[in-house]
Amino acid sequence: MAAETPPSEADADDPGSGSETVNSGRAGLKANAKWYVVSYPLFWLGLIFLVPLAMLFAFSFYVNIPGGRYEMGLTLENYARFLTSELYLGQLWLTIEIALVTAAISLLLGYPIAYYLARMERAWLRSLLLITIISSLWVTYVIRAYAWQVILASGGLLSSVGVSVGLLSEPQAFYPGYWGLIVGMVYVFLPFMILTLYSSIRNIDGELLEASKNLGAGPVRTFRRVTLPLSKNGIMSGSALVFILALGSYVLPRLLGSSAERTLPVLIEQQIMSEANYPFGAAMSIGLIVVVVAFLWVMVRFTNLTTGSLGGSETATPDGESPSSAAQSTGVGGRLRSGFGSLAAAVGLTRAVAGVGSAVNAAVTVVNAETRERVLSIASRAYAAAVMVFIAAPLAIIIAVSFTPEQFLTFPPGGFSMQWYVEFFTDPDWVLALLNSLGIAGAVAVLSTTIGGSLAFALDRFDYRWGTIFGTFGVLPILVPPVIVGVAFLVFFLELGLAGSRLSIIVAHGIFYAPFPFILISQGLREIDRTYEEAAMNLGASPGRTIRTITYPLLRANVVSGALFAFILSLNEYIIAWLLSLFLVDTIPIQIFNSLRYGYTPTIAAASVVFIVLTVVVMSSIDRMSGGIWE
Amino acid sequence: MSGITLEGVEKRYPGGVLAVKGVDIDIESGEFVTLVGPSGCGKTTTLRTIAGFEQPTDGTVSIADEVVTDLPPYERDTGMVFQDFALFPHMTIHDNVAYGMEADGGYLDEEIDARVAEMLELVELPGMGDRTPDQLSGGQQQRVALARALAPKPQALLLDEPLASLDKKLREQMQVELRRIQQEVGITTVFVTHNQEEALTMSDRIAVMNDGRFEQVGPPGEVYDDPETRFVADFLGTANIFDGTVESVADGVATVECGDTTLRARNVGSVGAGDSASVVIRPERFDLEAASTDGGTTATASEGANVFEGTITFRRHLGSSIEYHLETLAGRELVVVRRSGHDERTAGDRVSVRVGVDDCRIVEA
């Protein structure tokens, strides 16, 4: 064969260097266009997001002057106060502990149901259950915490039922307190866990399980050797997600915890809104960020190590927790004792079903395989039903309460009345709050979709030297605990004189929720077969025409879903909006939260129902449009 | 007028991989040229360079005597059929076929409708305009893709393995169909395939590609019968290839020492004594007869022919012909193809095969 002449090396040029002015070969866009496209998302995510965070960092070194003022400076006083105080360190640990316990319980409760959903054969039932889980996910924490107040309060659902069946001699309050808080946290974050595990288990090829069974492994062995290892990533990311969300949660500890359960976000909010001690609030915010970053670093760095330990702690945590927390505070023993009572009451049904299920399962291993399969399937159905009740019931109770004809919250409601809806829609405060919420959410949808969409498009179409970092900017905001985003933007907008405006909330939400459209649109762009665009250009369509007639139509479901996600999240967000409102702007979550301070007027329930309906409608339209995006 | 001209086209990817190492070809207007080669040989990159999806790092591309090297795809006058057809899923068949003319902007609506109807007629799918791509079978999608590519009357038709996703029967049907339509329209066509049979049956000329360059360009019969390199002989069809050293050359006949076998072959190239060379023998060139009783040597060269003796180890029916695998006395495997129904042999038979010196082609090793 002929000897190969070495090719000329001279003109091998890196297209990323910007020296080529010709088409990029992909979408045929000019190379210099790449900086125009990316400058817009970078303006928001790089400048407008990072400047407030940098200011927050700077503020943590400022000197506080009692009375709500501060002085520029470079003092470590705030950190010293934070790190030397028994109280604050104790609360920091408590925050982490609550997040860990929440993640562990969510994993235990969530895995079986995620598995059940993933292996379910009836598609319609699966979508129904998924829609239920997902819909509850987007309803504001304020409403969901409120639902648990209704259930756990003295004279609430649980204590009324307890009294009437004779378990309790007199009405008892299960909140505020540690276990009431944990139940609320698990309730709120369990859907995240289930959905993460669900997609991970669903991705496991069914043939692998068949292969395992064909090789003689029973259900238990198949689960242990095939399913569990293959869903490891889901377990990891689900636990990490729940941990981080729980760590940054403000609303639940505030509404369901007692004064002993003031977690770091609650303390931060207090410093800012009540004490007006911005430097100290900033220092604590930095402390919380450090915890989150350290956790993420550990997750990324020691993924393999934590997989094992996480898998172990999964079963060990409920027992292993007592020694660690006993060392922490004195009231632990009492808390555990009373706690187990209320916990058992709350999740007892689920537990009992699961326990019976596994006991029955153990008993029938001697019975033939067919019977065993049937018992297993009945047990898992009962379990799934129990968890679904746990997820769906609180909102159902709110709906029932909203139709009460009585003046105070009672359960069960003694009749049917629309009066609280009339009250809601005729009270100018509520109507203004609703209009504010809708207006802000609409603007946020546009802002975050343009930010996320342009970044996704830029990263998909062009090569950037800092592409990975730009991509990180796209998801970074959602990793920062919302209370910190709120405090950082508050500091920022105070300097600009814009705090306490709708605009400030729109900007903060628009950036905070940009990751949702970013991720959805990135995914859509990746999935579009590039040859469609090539075919269009081959047929003479210019890049602009190609985007208009081919790319966008194929991407529309993702773009609109992204916008709707941002809309619904902004609509339901409390803490950022609250911090930035400076008591001047009311949204529905803020209005509900404030009303809860003065008692449980059923108007709150009516307002919540209006909001839930709004949320479900938007979520269903996302689902219909994207043709089952949850798959 | 020439259809497509490539001059010294070279493509290096950012990572430094040289996919196309300088190819030259002049395709006549209306000619059907096939680029064939194994995957990764650079044939698709070459096609995409013509379409404008890849920018050559060196060389020029001309379409209809116009240099288009620096033009983006949408300013080049080519129609491409993609491997998976790439029919726009959100548009009807009509809108797919009309897309190129609408992008052009120079057509009236009635002209577009008339042209779409005409094109669907051409590909034998009249009245299918209102359907969507997912309502069509693979073969129908293929036809629509062709109609869409031809509708704006491009200067060149580019086909990127368009038959690869069809089943065998449909593929053979489409081979004929594609060629019929191409000749009816009279359009310059470049066809890319890794399927050597497709290349041989459809083309005016074949360009066999290997490792980023053309090994041989010529009409199918010529490339098949007179391969210029060992690669071409091996890639197109079946070949018995003997690697060895040229012992002597006399009267245009080379004697090649191939280990335990000595062969004589017509030397049309420039090999001389001492060169390494390979002898290529197509399986259907052999004559097959019962073995002479004395057994004899491994291969003998007599009366202008090479003779092998051996045993049939395996036989398979190919329909119109039968393929025999032989083990020669020297232990080499030989593939022989004979017309079926004519002096058939069975496995285990001792046979003698002979092939004329003129049917033995010598190539550089």
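Are E161(B) and K43(B) buried or exposed? E161(B) is buried, and K43(B) is buried too (buried: under 20% relative accessible area, 1.4 Å probe, protein chains only).

This is a predicted model, where local features need pLDDT of at least 70, side-chain atom pairs count only at pLDDT 80 or more, and totals for chains, interfaces and linings use all residues. Residues are numbered from 1 along each chain as its sequence is written, chains are lettered from A in the order in which they are written, and side-chain values use heavy atoms, without hydrogens and water.

Select E161(B) and K43(B) together. Their side chains form a salt bridge, 3.9 Å from N to O (a side-chain nitrogen of Lys or Arg within 4 Å of a carboxyl oxygen of Asp or Glu). E161(B) sits in the loop between strand 7 and helix 5 of chain B, K43(B) in helix 1 of chain B, and 118 residues separate them (helices, H or I, have at least four residues and strands, E, at least two, as DSSP runs numbered from the N terminus).

Next, show both chains. The contact involves 31 residues from chain A and 39 residues from chain B (heavy atoms within 4.5 Å). One salt bridge crosses this interface. To find it, select R48(B) and E534(A), whose closest N and O atoms are 2.5 Å apart. Helix 23 (530–538) and helix 24 (543–572) of chain A each give two or more residues to the side that touches chain B.

Last, select R530(A) and D460(A), a salt bridge with its closest N and O atoms 3.2 Å apart. R530(A) is in helix 23 and D460(A) in helix 18 of chain A, 70 residues apart. D460(A) is buried, at 11% relative accessible area.

Key. Buried < 20%, exposed > 50% of the residue type's maximum accessible area, 1.4 Å probe, protein only.
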